[in-house]
Amino acid sequence: MAHNKRLEAKPIKRILDRKTREVVGWLYEWNTGERVPMWKDGCKTDVVYE
């Protein structure tokens with residue numbers, strides 16, 4: 001069984017701080033369908049997706 005390799009990704013949503021609504025990262029979707037957050041300044045836990 002062949003495995004798809006992550007070759008390219010595109011941003012699909014902004015990740016916002018729940019309280020301040022400041023952009024803290026972006027959610028990227030890879031060509032494999034995998035979704036991965038990319039953080040501006042380290043992983044955050046109290047967030048919402050726009």
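**View 1. Asp 46 is partly exposed, with a relative accessible area of 33%.** In this predicted model, the side chain of Asp 46 joins that of Arg 18 in a salt bridge, with 2.7 Å from N to O. This pair links distant parts of the chain: Arg 18 sits in the loop between strand 1 and strand 2, while Asp 46 belongs to the loop between strand 3 and strand 4 (47–49), 28 residues apart. Arg 18, too, counts as partly exposed, at 43% relative accessibility.

**View 2. Glu 34 and Arg 6 meet through their side chains in a salt bridge.** Here the N to O distance is 3.5 Å. Glu 34 lies in the loop between strand 2 (23–30) and strand 3 (35–39), and Arg 6 in the segment before strand 1 (9–17), so this contact ties together parts that are 28 residues apart in sequence.

**View 3. A salt bridge brings together the side chains of Glu 29 and Arg 35.** From N to O, this pair spans 3.1 Å. Glu 29 has a relative accessible area of 23% and is partly exposed; buried would require a value under 20%.

**View 4. The whole structure holds four salt bridges.** Among them are Arg 18 with Asp 46, Glu 34 with Arg 6, and Glu 29 with Arg 35. As a friendly reminder for reading these close-ups, side chains of opposite charge can pair when their charged atoms come close.

Technical notes
Residues are numbered from 1 along each chain as its sequence is written. This is a predicted model: local features need pLDDT of at least 70, side-chain atom pairs count only at pLDDT 80 or more; totals for chains, interfaces and linings use all residues. Side-chain values use heavy atoms; hydrogens and water are left out. Helices (H or I, at least four residues) and strands (E, at least two) are DSSP runs, numbered from the N terminus. Buried means under 20% relative accessible area, exposed over 50%, partly exposed in between (1.4 Å probe, protein chains only).
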